[in-house]
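Subject: Structure for your review

Hello,

The structure is below, followed by notes on what was found in it. Please read the notes alongside the coordinates.

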Amino acid sequence: MPRIGLVCGGGGDVAVAFMCGCLSAIHDQTGWDPADADYVVGTSAGSIMGCAIRVGIHPPDFLRIMTDAEVTPDSAEKLSDQVLGTKHDALPPLARNALTNARLTSPGLIMSTARNPLKTNPVVLAAAALPEGRLDNSFVQNKIQHLVGDEWPEDELLITTTQMKTGRRTILSKYSRIRTEVSTAVAASCAIPSVFNPVIIDGEKYVDGGLASSTNADILLKHELDAVIILAPLSTDARVNASIAGTVRTAMRVITVAEQDRLKADGTSVLTFHPDKATINAMGLNIMDVAKRPKVAELAYSWASDLLRTDKAKPLVSMLTE
């Protein structure tokens with residue numbers, strides 16, 4: 001059997017909808033269950049998605065739950081409102097809380113960067129210089145506790161975070177040197193700088209795993225996989241004009257493609273699902289808007305289905321159908 005890695009990128013509630021549509025399309029086209037992936041990488045919202053995959057949600061139910069269609073009883077029990085939220089949920093006043101907080105996220109990192117300016121990722125440095133978030137993101141931890149509890153799943157789940165003292169990406173897992181509950185790891189991966197409180201693990205501050213990359217697919221390089229599927233909700237399809245995609249998506253595409261190319265150069269077959277123009281328009285600017293999930297999931301399902309029928313996807317489709 002081929003060894004498969006699955007990468008779930010960040011991007012809020014609309015990212016979850018995008019990934020749900022893609023995973024259902026992959027299953028419908030190939031019969032592959034994402035729970036069978038040898039490794040699942042989760043970044044920010046993708047860390048929540050990774051937990052849902054590892055808890056064994058029936059693949060077609062990923063799309064159904066996003067579009068308010070009937071799902072299997074087992075999936076309905078696991079993906080409760082406590083996990084998903086509802087379309088009536090109100091978005092916290094993120095901007096007001098962020099702008100009225102004068103504390104810096106990591107003054108120590110700013111000082112060390114002044115001594116070694118070429119050794120720090122500029123995005124991480126910017127996060128360190130922003131006011132530290134004041135919103136409590138324990139609601140993320142509660143989601144994961146309702147979904148999987150605090151214990152790490154048996155199958156490999158790698159969750160990315162950023163350690164603010166050093167600015168370095170830190171990978172948390174069942175076997176990582178830094179020990180913590182999976183619910184705490186996910187909360188850390190989702191802690192957007194200047195919006196949410198950093199999550200404290202072993203006395204250190206950890207924030208969003210998506211600061212340097214919204215996908216972090218390159219962490220799978222050392223695992224000698226036959227194929228890697230990258231779900232990149234914050235990226236953009238190559239045919240989307242940069243003025244429409246925006247600066248962030250354009251930059252994230254460059255990073256994701258570079259990670260993809262490194263995996264390919266290492267002999268791994270890679271297929272990346274970037275949102276197309278219609279899906280990007282449906283996502284909009286408010287990535288936390290749960291009301292957008294049905295439309296985004298449907299468009300992602302259609303777009304992913306088309307991609308899987310192309311010659312570009314044949315090597316992966318062949319592996320998944322073995």
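Pro-59 counts as buried because its relative accessibility is 2% (buried means under 20% relative accessible area, exposed over 50% and partly exposed in between, with a 1.4 Å probe and protein chains only). The residue sits in the loop between helix H2 (45-54) and helix H3 (60-66); helices (H or I, at least four residues) and strands (E, at least two) are DSSP runs, numbered from the N terminus. Neighbours within four places in sequence aside, Pro-59 contacts Ser-24, His-27, Asp-33 and Pro-34, where contact means heavy atoms within 4.5 Å. Between the C-alpha atoms of Pro-59 and Ile-26 the separation is 8.8 Å, with the two residues 33 apart along the chain.

This is a predicted model, in which local features need pLDDT of at least 70 and side-chain atom pairs count only at pLDDT 80 or more, while totals for chains, interfaces and linings use all residues. Residues are numbered from 1 along each chain as its sequence is written, and side-chain values use heavy atoms, with hydrogens and water left out.

On the overall figures: the protein has 14 helices and 8 strands. Of its 322 residues, 56% count as buried. Among contacts between residues at least 6 apart in sequence, 75% join residues at least 24 apart.

Next, the nonpolar cores (sets of buried Ala, Val, Leu, Ile, Met, Phe, Trp, Tyr and Cys residues joined through side-chain atoms within 4.5 Å). The largest has 74 residues, and those touching the most other members are Leu-6, Met-49, Val-186, Ile-229, Leu-231 and Phe-273. Helix H1 (residues 12-30) supplies the largest share of this core, 11 residues. Apart from it lies another core, of 14 residues, including Tyr-39, Leu-221, Val-228 and Val-270. Residues up to four places away in sequence not counted, Ile-229 touches, among others, Ile-4, Leu-6, Ile-26, Trp-32, Phe-273 and Leu-320.

There is 1 aromatic pair in the structure (ring centres of Phe, Tyr or Trp, the last by its six-membered ring, within 6.5 Å; planes under 30 degrees apart are stacked, over 60 edge-to-face, the rest tilted). Phe-139 and Phe-196 form this tilted pair, at 5.8 Å centre to centre and 55° between the planes. Phe-139 is in helix H9 (residues 138-147) and Phe-196 in the loop between helix H10 (182-189) and strand S5 (199-201), so the pair ties together parts 57 residues apart in sequence. Phe-139 is partly exposed, at 35% relative accessible area, whereas Phe-196 is buried, at 6%.

Regards
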